[in-house]
Amino acid sequence: MEVLQSHRAEMISIAVALVAILGGSAYYYYLTKKPKGSHGGRLAWVQQGQMGMTSRVTLGDAEFKAKDKGVMLHSICIFSIIDVCHNIGCLDPENFKEFKLVKRTELSHNVAKFRFSLPTPTSVLGLPIGQHMSCRGKDNLGDDVIKPYTPTTLDSDIGFFELVIKMYPQGRMSHHFREMREGDYLAVKGPKGRFKYQPNQVRAFGMLAGGTGITPMFQVTSAILENPNDKTIIHLIYANVTDEDILLKEELDNLASSFPNRFSVYYVLNQPPEGWNGGVGFVTKEMIQTFCPAPAPDIQILRCGPPPMNKAMAANLDNLGYAPQMQFQF
Ligand SMILES: Cc1cc2nc3c(=O)[nH]c(=O)nc-3n(C[C@H](O)[C@H](O)[C@H](O)COP(=O)(O)OP(=O)(O)OC[C@H]3O[C@@H](n4cnc5c(N)ncnc54)[C@H](O)[C@@H]3O)c2cc1C
């Protein structure tokens, strides 16, 4: 009986080893045959040394070196399992999940940046570019409220995500965020949204953002400019009431100076300060004509702002001859 049991244990170990080797081999084959740059994860395998005698597999900062091919295949297998887990993401489209607020930074009297930790330091949020999440909170009467928000971070930010939130005095969800303190949890569900980002899906994007409508634009812009294989050109018109209301200004200006041929931003203010050299009033047809790509099958104009602005922008775009498929509203 004992002999049988020890044989059984041996058989199980051999089966596990075989699965690991086969899995590792399959993943190695997948890595080496897949075109460079198209791998979504961070796993890398290289041969080095004389005649490729030493192999090295890396996952982010972790590294494993071996001369023995069997040992290497095992390590590839283990790393690939970690890599696959890493890329699954933490969101559930059907159920709210709780994320802990680890840092709250006040950016102005009514805007704050909220950093939430993910379950592990290597977890990613798993939100496709251009999509948003539903966040649930309580208003000042204690009633549930659910509103959409777009993180300003990407899945290349590991272990956390950030929201930049403007808190309106009468806003129901604004009340929830105003009351949130480090250590509290936020209920989040997603991903949500119809926007599907593909690198080079258009030649150029025009973007019309108002107030907090900047966050989806910022996310798409960051993803495009971060991807060396994406050549899309972006022209953003960003409208606010005063210069103090402009969100993410430093980040936007940095992107414009780092990518002068790929990204431009034109600020428009209702109440400009003295010496203001941007646009004044509401976003007009003339501003769109001057700063956005002209109607064409390979361009798209994205818009996100308060409902009256979205309505006015849709009318402007229709009048300028942008076909429905050239327009998208977040
Ligand atoms: C795709 C998407 C992504 C978004 N991402 C973000 C984000 O990252 N950060 C963020 O802060 N918001 C974002 N928003 C807006 C957000 O969903 C809420 O609409 C906003 O937080 C106000 O909600 P509230 O419940 O506090 O206000 P409500 O209770 O809905 O409104 C109360 C009052 O607040 C004022 N108010 C509300 N919304 C606006 C507005 N947009 N402009 C001017 N005044 C307004 C008005 O006076 C209004 O009467 C996003 C919206 C969409 C559609």
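Visitor: Why does Thr215 count as buried?

Guide: Thr215 has 24 C-beta neighbours inside 10 Å, so it counts as buried. The cut-off is 20 or more other C-beta atoms within 10 Å of its own, with exposed at 12 or fewer and partly exposed in between; C-beta atoms are placed from the backbone. This is a predicted model: local features need pLDDT of at least 70, side-chain atom pairs count only at pLDDT 80 or more, and totals for chains, interfaces and linings use all residues. Residues are numbered from 1 along each chain as its sequence is written.

Visitor: Why does Pro148 count as partly exposed?

Guide: Pro148 has 16 C-beta neighbours inside 10 Å, so it falls in the partly exposed class. In the protein chain, buried residues make up 29% of the 330 residues.

Visitor: Where is Thr215, and what is in contact with Thr215?

Guide: Thr215 is in helix α4, residues 214-226. Leaving aside neighbours within four places in sequence, Thr215 is in contact with Thr150, Thr152 and Val164. Contact means C-beta atoms, placed from the backbone, within 7 Å. Helices (H or I, at least four residues) and strands (E, at least two) are DSSP runs, numbered from the N terminus.

Visitor: And where is Pro148?

Guide: Pro148 is in strand β7, residues 144-149. Outside four places in sequence, Pro148 is in contact with His132, Ser134 and Lys192. His132 itself stands opposite Lys192 in β9.

Visitor: What makes β7 and β8 edge strands?

Guide: The open sheet has six strands in the order β7-β6-β9-β4-β5-β8, with antiparallel pairing. β7 and β8 (160-166) each have a single partner strand, so one side of each is left without a neighbour in the sheet. From one strand to the next, the twist averages 40°.

Visitor: How do you know that β4 and β9 pair?

Guide: Pairing requires at least two DSSP bridges between two strands. β4 (residues 97-106) and β9 (residues 185-192) have four, and run antiparallel. Phe99 stands opposite Leu186 in β9. Lys97 has Val188 as its bridge partner there.

Visitor: How many bridges join β5 to β8?

Guide: Seven bridges join β5 (residues 111-117) to β8. β4 and β5 form a hairpin with four residues between them, and pair over six bridges.

Visitor: Which helix lies across β6, β7 and β8?

Guide: Helix α3 (residues 172-179) does, running at about 90° to β7. Axes are lines fitted to C-alpha atoms, for helices over the stretch in contact; angles run from 0 to 180 degrees between N-to-C directions.

Visitor: Which residues touch the most other members of the largest nonpolar core?

Guide: Of its 52 residues, Met207, Ala209, Met217, Leu236, Ile237 and Tyr238 do. Domain 2 (97-192) and domain 3 (204-329) both give residues to this core, so it lies between them. The bounds come from an automatic or database domain assignment. A nonpolar core is a set of buried Ala, Val, Leu, Ile, Met, Phe, Trp, Tyr and Cys residues joined through C-beta atoms within 7 Å.

Visitor: What is in contact with Ile237?

Guide: Beyond four places in sequence, the contacts of Ile237 include Met207, Tyr266, Val283 and Phe291.

Definitions and conventions. Two residues are in contact if their C-beta atoms, placed from the backbone, lie within 7 Å.
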